[in-house]
Amino acid sequence: MTPAGHLLSGVTTILEMDNGAPDGGESVIELAAECGLRMYYAPSFTAAEYRFDDAGRLQQLWNEDDGFRGLDRACEFIARRDGANEGR
């Protein structure tokens, strides 16, 4: 649902767990602020990718280093943006 849709429905606080926009989620936070929404937001991350092999079987490809790097980026984003937009 769009921010306008949330507001029209009477929603004032939303939770968004997302990969965010190409800017790492900054525009998502700014859009919520412009609309007057309170948002709890955190970039998502994963340590695995899913692919199909040549036989059509779903495979999980794990990379813990990528997962830990994603966790670090998410924590840095949260620390930087916590309390932004007048605490909203």
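**Overall architecture and selected residues of the predicted chain**

Read from one end of the sequence to the other, the chain follows the pattern α-β-α-β-β-β-α-α, and thus comprises four helices and four strands, where helices (H or I, at least four residues) and strands (E, at least two) are DSSP runs numbered from the N terminus. The radius of gyration of the chain is 17 Å, well over the 12 Å that the globule rule gives for 88 residues, so the chain is more spread out than a compact globule; this radius is taken over C-alpha atoms, and the globule rule is 2.2 Å times the number of residues to the power 0.38. The structure is a predicted model, in which local features need pLDDT of at least 70 and side-chain atom pairs count only at pLDDT 80 or more, while totals for chains, interfaces and linings use all residues. Residues are numbered from 1 along each chain as its sequence is written, and side-chain values use heavy atoms, with hydrogens and water left out.

Taken along the principal axes, the box filled by the C-alpha atoms of the chain has dimensions of roughly 50 × 30 × 20 Å. Of the 88 residues, 22% count as buried, a class defined by a relative accessible area under 20%, with exposed meaning over 50% and partly exposed in between (1.4 Å probe, protein chains only). The chain exposes about 6400 Å², of which carbon and sulfur atoms supply 54%; accessible areas come from the Shrake-Rupley method with a 1.4 Å probe, and for residues only the protein chains shown count as cover. Among the contacts in the chain with a separation of 6 or more, 55% are accounted for by residues 24 or more positions apart, contact meaning heavy atoms within 4.5 Å.

As to charge, the chain carries 8 positive and 16 negative charges, whose mean positions are 1 Å apart. In this count Lys and Arg are positive and Asp and Glu negative, whereas His and the chain ends are not counted, and the place of a charge is taken as NZ of Lys, CZ of Arg, CG of Asp or CD of Glu. A search of the whole structure for disulfides, each being a pair of cysteine sulfur atoms within 2.5 Å, finds zero. Cys35 counts as partly exposed at 27% relative accessibility, and Cys75 also counts as partly exposed, at 44%.

Individual residues were then examined. Gly67, placed in helix 3 (residues 64-81), is buried, with a relative accessible area of 8%. Leaving aside neighbours within four places in sequence, Gly67 is in contact with Phe45, Thr46 and Ala47, whereas the C-alpha atoms of Gly67 and Met1, 66 residues apart along the chain, are separated by 28 Å. Met17, in strand 1 (residues 13-18), is exposed, with a relative accessible area of 64%; Met17 and Tyr41 are 24 residues apart in sequence and 5.7 Å apart in space, C-alpha to C-alpha.

Strand 4 (residues 58-62) includes Gln59, and Gln60 has its place in strand 4 as well. Gln59 is partly exposed, with a relative accessible area of 33%, and Gln60 is partly exposed, with a value of 40%. Not counting residues up to four places away in sequence, Gln59 touches Glu49, Tyr50, Arg51 and Asp53, while Gln60, under the corresponding exclusion of residues up to four places away, touches Glu49 and Tyr50. The C-alpha atoms of Gln60 and Tyr50, 10 residues apart along the chain, are separated by 4.8 Å, whereas Gln59 and Glu30, 29 residues apart in sequence, are 37 Å apart in space, C-alpha to C-alpha.
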